[in-house]
Amino acid sequence: MSAIDICGVSKSYGTTPILHEVTLAIGAGEFVVLVGPSGCGKSTLLRMIAGLEEVSAGEIRIGGTLVNDLPPKARDIAMVFQSYALYPHMSVADNMAYSLRLRRTAKQDIETAINAAADKLGLGAVLERKPKALSGGQRQRVAMGRAIVRRPTAFLFDEPLSNLDARLREHMRAEIKKLHREIGATSIYVTHDQIEAMTLADRIVAMNGGQVQQVGSPLELYDRPANLFVAGFIGSPAMNLFPALFGRRGGEPAIEHAGFTLPLGHDVTLAEGAALTVGIRPEHIALGAGSVQGVVDLVEPTGLGTIVHLTLRDIALKAFSLARPSLMIGASVAVDLPARNLHLFGSDGARVER
Amino acid sequence: MPSRTLYWSSHYLLIAVYVLFALFPLFWLIKVAVTPNDLLYSEGIRLWPSRTSLEHFRFVLAHSDFPLFFRNSLIVSGGTAVSVTLIGGAGGYGLSRFSFHGKPFLVALMLITQMFPLVMLVAPMFRLLAPLGLTNSLTGLVIVYTAFNAPFATFLMQSFFDAIPKELEEAAMIDGDTRFGAFRRIILPLTLPGIAATGGFVFTAAWSELLFALMLNSSPQASTFPVGLLAFVSKFSVDFGQMMAAGVLALIPACLFFLAIQRYLVRGLTAGAVKG
């Protein structure tokens, strides 16, 4: 049995639809990340699971119990907010004890739970401080601590790292992952940051426009994006996408774009002349060999590798290379787009299987 | 840096002029209150009398009805402050946190009530209260003041609730609290400054209200002190010394009240609640 079952859930404010028939089963102990651009409905879905938003249609079950009409307190979930939402007039210890006191947990047990959480999160020295005397990273930890002392059925995270600077975010990301390994509780994590999604998730739910676009493991989404949205959203630098036509050259399947033709090497179920979008990840573009000539527009060294901006006829492409190619801006370079790395999307945006 | 010096000296000069202008009536009040009767008209206009005495204060406290008026004022203003703060707090919370049908209409209606000149309402109010036995009654005044101040207090309290992030209640409710529990344990302690400010504002408004106190309560037994002050104006003379002494005494509760709540007025309690 799954820990959280979302079945045909929709949400609309008045006549404005926010979520459209989302169905999702989350297994016990699973770490699921909802990812998508702002306004895609991911936070709304999370708040519906928490009981902070009403469900317009469909069913949400937690641990088998239908919770559509249950208040948040009856759902046995903990949530970490983007703004942390620490109680400003209470000390760190009181913040973490709040939920336990409401449950009339014995004083002794509260203390044990708080100390255990403080140890885990490195908050031992600041237990008596008020939130305003803490750094951003410490506040974030207190918010986490408040969630873990309760041992809830599920953790909900609403963009918990987006208020931190880049370095701290990376650090806390790893901590959250470690914490999840230790505690093993079901977690649903909302973010707009695809790197966070990739690194944290057991499964990613990519959302756009109130609809689920694809559900799968991080590498599944990366290697086989189900549609144009996922292809463009997952990965940084983003996948190159350009329009082309499906055709045959000498009977062999190929894609054609004004001025060049790329043999596919295998057949696909497309009519000749069908319009499609071709995608290729920057790291799959090979420079210095290949059939097409491109012009170098810009070279961005990142240290780890180099991002090269190219123009191929009328297409702007980004190539990523771990080598450090010495390329002059404006120079011509041979470009190889290997057929096995091409992603094809039909005119409806869906992936064309091959 | 002569221009900088000039800037700051004119800066402070302007502030000094303003403070003088604002505080002069208060100074004059105290000055007249401590001037003995025999010097009041004989010394001409001077900044400070050649001899001071507390005789007016003694008379006002011992031989006039002023202590009674003072007590009445305390009851009326205190009662109004408490009831308005309760109503304004509840209403402000509702407006801040919930959306419901007719909310814009309700807000507009509340705004409209603030647009009437109060004089217009004296006669209807009297007709309304008289059959209910609420004229010449402190309760009647509390009801009237509460009705007049509640809309403004509601808007004021709404702005204080708006300043507290919604996530705090949501976090409390997820932590296992009910909405009311979250309000009581989380929101209420954080709105104390707002409650104090609202209470203080309403208290002073009721404390100095004259029109309705005069029109609705004619018996001395139910008069508040602004009405009582008029008792020092007789047909043939005005007893300025006693009147000013009574005025000085009337300032005390308001001063004490603001002294008590001023730490709430300046404290930013929500610091650190969210990212900062």
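Helices (H or I, at least four residues) and strands (E, at least two) are DSSP runs, numbered from the N terminus. This is a predicted model: local features need pLDDT of at least 70, side-chain atom pairs count only at pLDDT 80 or more, and totals for chains, interfaces and linings use all residues. Residues are numbered from 1 along each chain as its sequence is written, and chains are lettered from A and ligands numbered from 1 in the order in which they are written.

**Exercise 1.** Describe the make-up of chain A.

*Solution.* Start with the elements: chain A has 8 helices and 19 strands. Next, the extent: its C-alpha trace spans about 80 × 45 × 35 Å along the principal axes. Last, burial (20 or more other C-beta atoms within 10 Å of a residue's own, C-beta atoms being placed from the backbone): 39% of the 354 residues of chain A count as buried.

**Exercise 2.** Find which elements of chain B touch chain A.

*Solution.* Count contacts first (C-beta atoms, placed from the backbone, within 7 Å). Here 22 residues of chain B contact 25 residues of chain A. Helix 8 (166–174) and helix 9 (179–207) of chain B each give two or more residues to that side of chain B. Helix 8 of chain B gives the most, with 6 residues.

**Exercise 3.** Classify the packing of helix 4 against helix 9 in chain B.

*Solution.* Take the geometry. Helix 4 (residues 66–97) of chain B packs on helix 9 of chain B at about 140 degrees, with axes 8 Å apart. Axes are lines fitted to C-alpha atoms, for helices over the stretch in contact, and angles run from 0 to 180 degrees between N-to-C directions. Now apply the cut-offs: under 35 degrees is roughly parallel, over 145 roughly antiparallel, 65 to 115 roughly perpendicular, and the rest oblique. Therefore helix 4 of chain B is oblique to helix 9 of chain B.

Key:
Two residues are in contact if their C-beta atoms, placed from the backbone, lie within 7 Å. A residue is buried if 20 or more other C-beta atoms lie within 10 Å of its own, exposed if 12 or fewer, and partly exposed in between; C-beta atoms are placed from the backbone.
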